Amino acid sequence: MSGLTARRSWWLAVVLLLSACGQKEAQLHDTQLLVMGTLVNVSILDGDEDVAAVATTEVEQRLRQMHRDLHAWQPGPLTRVNEAIASGESAPVDTEKTMLIERGTELSRQSGGLFNPAIGNLIALWGFHSDDGPHGPPPDAAAIRSLLAQAPSMTDLHIDDGRLRSDNPAVQLDFGGFAKGYAIDEAIRILREHHIDNAIVNAGGDLRVIGRHGARPWRIGIRDPRGPGVIASVEVSGDECVFTSGDYERYFEYQGRRYHHIIDPRSGYPAVGSSSVTVLSHEAIVADAAATALFVAGPDTWAQTAKAMGIDQAMLIDDKGNVYMTPAMAKRTHFEVDPPPPIKVVVP
Amino acid sequence: MTQSAIPLKSIAGALRPTPGDILVALLTLVLLAGLYSHYWSGIGGEGERARIVSADGEVHLVALNEDRTLTVHGPLGDSVIEIHQGRVRFVESPCQGKQCIHAGWLHSAGSFAACLPNRISITVLGKNRHFDSINY
C-alpha cells in the first residue's frame, strides 16, 4: 500500500513539475506612437516580435493616413468638403467619408442630437480647432446664438452618386467625437489581419481590447476625473472597448472659470453637470459617440440616452463626485478608492 | 473501546511520508511561492524605471530610486522632468496647454504622460503592472 502511494506521488510530482515548466509568460510587445494628435499605445501579447513590429507599423501608417484625410481644421480632404458645403456646392466624398457620414447620422439620431458631428462651426468658434487648445476669452454670446439659430444637423446632408450636398450651409463636419473610435476599430482590424488575437490599442486613454492577458482578463484602470490616480477598474476580455469622455481632457481657464471641449449642441456652451462618462461597448466608434452624448445628456437624462443608443454598460461621475451606473456596469466595476464614492445604480 | 478494522501498525505505515510525498510538498511550496510573486507581489505595481522618449526618437531609461532632474530637448524647447522618491513628472514645459504638467506624478508601472506639442513621453516601467492599460 505504501509502495502504491509512493508511485502515485512520483507521478504527481512529475505532473506538477511539467505544468510549472509550461507556465512560460507570453512576451508583451508595447509600442507608443505619437499620432493623430495623441499618444497611441499598441500592446500585443502574442505573436513573435517581428509580427508585432510589422503589424504596429501598419497601424501607424493607417492612423497617419486617417489623420490627414479626416482632420477638421488642417487643410485636406475634409476641409475641402466643408468649404464646398459652406459655399452651397456639392463635393465628391470617398467610401470612407460616406460610411462615416452615414454612421454619424445614425448615431446622432439615436442620441437625440446630443452627439452632433455637424457642429464644426461651433467647435471652431470656441477655439478648439487648434493643436494647442484655446486660451480664452469664451466666444461672444451673440455669435453662439447666431450659430445655434442655423441648426446644423446631419439630416441636412445627402449623398448621391458619390457627391455630398447639404441643405444647410451652416453644417461643418467635425468627426472629433468619433474619429478616435473609428481609428481604434481600424487598428484592431489590422492586428487581426496579422493573426494577433490578444492585444490592446489605447489612443489617448480610450481603448479596445481583444483576447486576454494569458490566463487572466485584461485589467483596465479608469482615471479619477478629479484626482491623480485611478478611481475604478474593470476586467475586460474577448472584444470590448472602454471609452471615457472627461472635462479634464481639453479645456481652458478664463477669469477663474474652466471651459472644457465637450460642447452641448443645444446651448452652444460646454456641457454642464458631468465630470466624466465611461462607456463599455463592442465597437469603439459607438463607444466614442455614446461617451460624448451621455456626457452632454448629464446626470438627469444620461440613462435614457444610453438606452436609446443601445448602451447597457455606462458610468457617469457628476461635477460633485457622485457616481451613477447602469446595473450591468455596477456588477463588473471595482472601486480602487477607499471609501468608495456615493453610487447610484440607475436602470435605463 | 471500538475495535478498529485496520491494524494500527498498518495505518502508521501508510501515514509515514514517502520520498514522493516530500517532493510533492516541496514542489507545491515552490509553485505557491512562484504564483504568489507572479500574481500578488505587484499589487500597487510600483514602477522601477521610467522610459522617456523624445521627438528625435531618443530613448532615456532612468531609475526611479535616484532623485534627479533632467532636461529633454523637443521641437518647442526644453522640457524639465523631475524624479523624486520613486515618482516622475513634468515640471516645466515650453508648450502652451501644460497638460503634461497637469498629469502630475506618475508612479505605477504602465502609467504614462506625454507633452504632444513638444513630442516627449514618459512611461513608467516595472515588472508588475497593476493595470494593463489606463482609461481616461
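Is B:Arg119 buried, exposed or partly exposed, going by the other C-beta atoms within 10 Å? B:Arg119 turns out to be partly exposed, because 19 other C-beta atoms lie within 10 Å.

This is a predicted model, where local features need pLDDT of at least 70, side-chain atom pairs count only at pLDDT 80 or more, and totals for chains, interfaces and linings use all residues. Residues are numbered from 1 along each chain as its sequence is written, while chains are lettered from A and ligands numbered from 1 in the order in which they are written.

**How to read the terms**

- A residue is buried if 20 or more other C-beta atoms lie within 10 Å of its own, exposed if 12 or fewer, and partly exposed in between, with C-beta atoms placed from the backbone.
- Helices (H or I, at least four residues) and strands (E, at least two) are DSSP runs, numbered from the N terminus.

**Positive phi without glycine**

- B:Arg119 isn't a glycine, yet its phi is positive, near 55°.
- You'll find B:Arg119 in the loop between β6 (112-115) and β7 (120-125) of chain B.
- A:His195 isn't a glycine either, and its phi is positive at about 60°.
- Look for A:His195 in the loop between α7 (179-193) and β6 (199-203) of chain A.
- A:His195 counts as exposed because it has 10 C-beta neighbours inside 10 Å.

**Cis peptide bonds**

- A:Gly136 and A:Pro137 are joined by a cis peptide bond, with omega about 0°.
- A:Pro137 sits in the loop between α5 (120-125) and α6 (141-149) of chain A.
- Going from A:Asp338 to A:Pro339, the peptide bond is cis, and omega is near 0°.
- A:Pro339 belongs to the loop between β16 (333-335) and β17 (343-345) of chain A.
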